[in-house]
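I opened the model to look up helix packing, sheet order and salt bridges. My entries follow in the order I made them.

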Amino acid sequence: MKESNPASIQSLLADLPKERASLLPALWRVFEADGVLTREALAAVGEALDVPAAEVYGVASFYALFHVEAQERAPVRVCTDVVCSLFGAQELLNALRGRREKPVYAATCLGRCDAPPAALVGRQALAPASLEGVDAVLKGVQP
Amino acid sequence: MRRLLPADDTVSPPLSRERWRDRGYHEAWERALTLGPQTVIEWVTAAGLTGRGGAAFPTGQKWASVAQSADPVKYVVMNADESELGTFKDRALLTRDPWGALAGLAIAAFAVGAHEAYVYLRGEYADVERLLEEALALAPWAEAGSYPLAVRLIRGAGAYIAGEETALLNSIEGRRPEPRVKPPFPTARGLWGHPTVIQNVETLANVAVLLAHDVAWFRAVGTEAAPGTKLMAVSGHVARPGVYEIPMGLPLWTLLTAPEYAGGIGGSGRLRAVLLGGAAGTFLTADECRAARLDNLALQPFGASLGSGAVMVFDDTVEIRQVVRQVAGFFAEESCGQCVPCRIGTRRLLEQLSASTLDIERLRDLGGAMRDASICGLGQTAPQALLSYLDRPSLWPRTSKEEECHA
């Protein structure tokens with residue numbers, strides 16, 4: 001996966017109004033393109049929208065779905081919150097962690113308590129989630 | 001009782017123009033335009049509609065205060081950042097009947113004089129996002145009337161606190177989603193400092209069905225103090241987890257056990273407790289579950305409220321103490337860290353709940369300080385479930401040393 005550079009970020013964000021309110025949509029665009037928000041990319045987003053780089057970092061690092069370090073096209077998250085943990089969430093998380101090299105994240109409530117345990121692979125929700133289900137989604141994702 | 005959720009025999013596809021008409025939203029929008037802003041607000045007030053996101057603030061009052069503002073720039077925002085623990089009713093509603101809340105949003109904008117509206121959707125709901133994008137492209141309200149309205153969809157990126165209304169405004173503005181100090185309330189100074197109406201998805205869907213009928217119809221269901229229906233998200237140990245629409249005031253036991261609702265206690269079949277209202281909710285014992293009725297007035301004697309409509313059900317194999325610790329973990333993870341009582345308090349609660357014995361006096365003291373001194377609802381309500389647990393010794397572990405500690 002090739003990361004964006006300042007020039008490609010400029011063009012990626014070209015149609016967004018050059019204002020602070022474009023920040024969250026801009027971060028999503030870069031994150032979906034790169035699977036990560038690097039310091040360089042955050043600086044370029046700040047440049048493009050005229051927002052200080054430190055504040056761009058402050059916003060980006062606040063949100064659980066953005067990664068400012070690990071790079072992965074489709075990060076795996078397993079909900080280990082109250083209801084999902086009654087239905088095998090921890091076991092699923094442990095099993096996934098045991099067989100993946102990349103990190104598997106524990107998430108707070110994903111809002112799918114009607115079909116526990118829930119997981120997110122990238123932005124795709126699985127409920128109920130299983131090892132096979134997660135594998136199937138990952139198989140369809142470009143590395 | 002189905003008002004917001006379409007009947008099972010509804011055949012029109014959720015995003016079709018037929019559905020827009022079948023559900024009466026075309027009529028509702030036309031009626032709003034005919035009645036005029038003032039009368040629409042009078043209807044909403046007379047219907048006794050209150051916010052369905054958790055705070056239950058009177059909707060008409062909110063709209064009137066924004067409508068009265070001399071500021072020519074106003075905004076309306078649909079809060080679809082549903083992230084409360086155990087809550088998935090807005091996802092179900094937007095999936096099964098996306099037009100309702102959007103019709104309500106258009107009506108709200110018209111009533112207060114806003115020409116820009118925002119839909120703020122949690123980033124974890126990619127499936128709902130696709131529906132909403134399609135719906136906003138179709139925008140049937142733009143054809144029927146002459147009222148100019150631009151609606152933008154904003155995707156959150158994973159932050160429970162962004163559902164707090166002022167944090168949500170900050171998120172839209174491209175700032176860290178940290179809550180603002182209130183007052184001023186968003187009705188006075190909201191998005192970019194302009195008067196703003198923020199409503200939960202379900203509240204707006206109620207507006208649409210109200211305008212599709214009339215005030216008397218709306219009040220015919222529910223209680224005098226809490227007219228209408230409520231969506232309840234039932235999960236955990238029940239036969240049929242899911243979202244159910246109930247008349248306000250329905251006995252909780254009926255929701256848990258009736259065949260048309262959750263259909264009975266699951267798991268071991270023996271109920272231990274219910275956590276009602278989300279992470280910031282209240283534990284009810286099995287006996288209380290048999291006595292409680294689902295409206296805020298009736299829940300007061302139990303120290304409970306409907307909150308977000310979450311009903312998490314635990315059978316007698318579940319150690320409630322463990323659930324309390326998980327809830328504390330949730331808040332410690334999701335605290336934005338802006339104010340001290342919440343940033344430190346949520347951590348201390350988690351530490352103390354991870355210890356083998358609980359110091360009840362200190363927990364109550366800490367909980368009280370957080371409730372009194374935190375900036376926003378997160379910190380203020382973070383100790384709520386814990387305190388309700390401490391008030392109910394029958395939920396404590398059988399081998400508990402907590403009583404000794406208390407003595």
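**Chain A: helix and sheet**

I began with the buried residues of H4(A), and found that they pack against helix H2 (23-34) and helix H3 (39-49) of chain A. The model is a predicted one, which I note here for the rest of the entries. Within H4(A), residues 53-60, I listed Val56(A), Gly58(A), Val59(A) and Ala60(A) as buried.

Next I traced the sheet of chain A. I found 4 strands in an open sheet with mixed pairing, in the order E2-E1-E3-E4. I marked E2 (104-107) and E4 (124-126) as the edge strands, each pairing on one side only. From one strand to the next the twist averages 25 degrees.

I then looked at E1(A), residues 76-79, which runs parallel to E2(A) and is joined to it by 4 bridges. For Cys79(A) I noted Ala107(A) as the bridge partner in E2(A).

Two helices pack on this sheet. I recorded H5(A), residues 89-99, as touching E1 and E2, with its direction at about 165 degrees to that of E2(A). I recorded H6(A), residues 131-139, as touching E1, E3 (119-121) and E4, with its direction at about 160 degrees to that of E4(A).

**Chain B: a helix pair**

I checked how H4(B) (59-67) and H6(B) (98-112) pack: the angle is about 45 degrees and the axes are 8 Å apart. On the H4(B) side I found Trp63(B), Val66(B) and Ala67(B) in the contact, and on the H6(B) side Ile107(B), Ala108(B), Ala111(B) and Val112(B). I sorted the contact residues into 7 nonpolar, no polar and no charged.

**Salt bridges**

I looked up Glu165(B) with Lys182(B), at 3.0 Å from N to O. Glu165(B) is in helix H9 (165-172) and Lys182(B) in the loop between H9 and strand E4 (196-200) of chain B, so the pair ties together parts 17 residues apart in sequence. Lys182(B) is partly exposed, at 30% relative accessible area.

Glu173(B) and Arg175(B) form a salt bridge at 3.2 Å, N to O. I noted Glu173(B) as buried at 5%, and Arg175(B) as partly exposed at 36%.

For Glu319(B) and Arg272(B), the closest N and O atoms of the salt bridge are 3.9 Å apart. Since Glu319(B) is in the loop between E9 (310-315) and H15 (320-334) and Arg272(B) in E7 (271-276) of chain B, the pair ties together parts 47 residues apart in sequence. Here Glu319(B) is partly exposed at 33%, while Arg272(B) is buried at 8%.

Last, I found Glu32(A), Arg123(A), Glu129(B) and Arg155(B) linked in a salt-bridge network.

Key
Residues are numbered from 1 along each chain as its sequence is written. Chains are lettered from A and ligands numbered from 1 in the order in which they are written. This is a predicted model: local features need pLDDT of at least 70, side-chain atom pairs count only at pLDDT 80 or more; totals for chains, interfaces and linings use all residues. Side-chain values use heavy atoms; hydrogens and water are left out. Buried means under 20% relative accessible area, exposed over 50%, partly exposed in between (1.4 Å probe, protein chains only). Contact means heavy atoms within 4.5 Å. Two strands pair if DSSP finds at least two bridges between them. Axes are lines fitted to C-alpha atoms, for helices over the stretch in contact, and angles run from 0 to 180 degrees between N-to-C directions. Ala, Val, Leu, Ile, Met, Phe, Trp, Tyr, Cys and Pro count as nonpolar, Asp, Glu, Lys and Arg as charged, and the others, Gly among them, as polar. A salt bridge is a side-chain nitrogen of Lys or Arg within 4 Å of a carboxyl oxygen of Asp or Glu.
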